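My entries follow in the order in which I looked.

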Amino acid sequence: MVISSDDAQFDKMVTYIPNRIGKWLKSMADEYFEGTELRSYQVPFIISISEHEGITQKELKVLIPCDKSRISVIVNELIEMGFVEDRCAGRQTALHLTEEGRVVLATCKIFTDLAKHKLISCFTPEEKVIFKSYLKRLDEHLDVLNKEL
């Protein structure tokens, strides 16, 4: 089997582009949130809890690709920081943003909009639509693949 240089380059990009994006986002977030209590890894938690008020830690695990113990640690950090409160419903958590959490949420959303704009600014409007559809399909496919693990 002969591998063309295009195939080899694509294989390389599939494995390292997600890592490059992650590193870039982390660096950008670290700079953006410098001088605040918030850390880059906490942003998806703040946003997810705001979009799913009353979510449990178990449900967060479906939305955010972290193991159970990592989710617990980050949720506890956000509770200690006063951004999230746990309104327990029996044995399960019921996570909600506090008023202070809602203020931080606004900052998180500004950051994610800025990051998204910077990241995809190299695309035309038409390419952005296509790229979004590809990302959605890839995300759905990853859900299937992760269930097979």
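I found that Tyr32, Phe33 and Phe111 form one aromatic cluster, where rings of Phe, Tyr and Trp (its six-membered ring) pair if their centres lie within 6.5 Å, with planes under 30 degrees apart counted as stacked, over 60 as edge-to-face and the rest as tilted. I noted that this is a predicted model, in which local features need pLDDT of at least 70 and side-chain atom pairs count only at pLDDT 80 or more, while totals for chains, interfaces and linings use all residues. Residues are numbered from 1 along each chain as its sequence is written, and side-chain values use heavy atoms, with hydrogens and water left out.

I counted 4 aromatic pairs in the structure. In one of them, tyrosine 32 and phenylalanine 111 are tilted, at 5.3 Å centre to centre and 45° between the planes. This pair joins helix 1 to helix 5 across 79 residues, helices (H or I, at least four residues) and strands (E, at least two) being DSSP runs numbered from the N terminus.

Next I asked which of these residues are buried (under 20% relative accessible area; exposed is over 50%, partly exposed in between; 1.4 Å probe, protein chains only). Phenylalanine 111 is buried at 5%, and phenylalanine 33 is buried at 3%, whereas tyrosine 32 is partly exposed at 30%.

I then turned to helix 2, where 7 of the 9 residues are buried, so the rest of the structure largely encloses it. Its buried residues include Val43, Phe45 and Ile46, and what covers them includes helix 3, helix 4 and strand 1, contact meaning heavy atoms within 4.5 Å.
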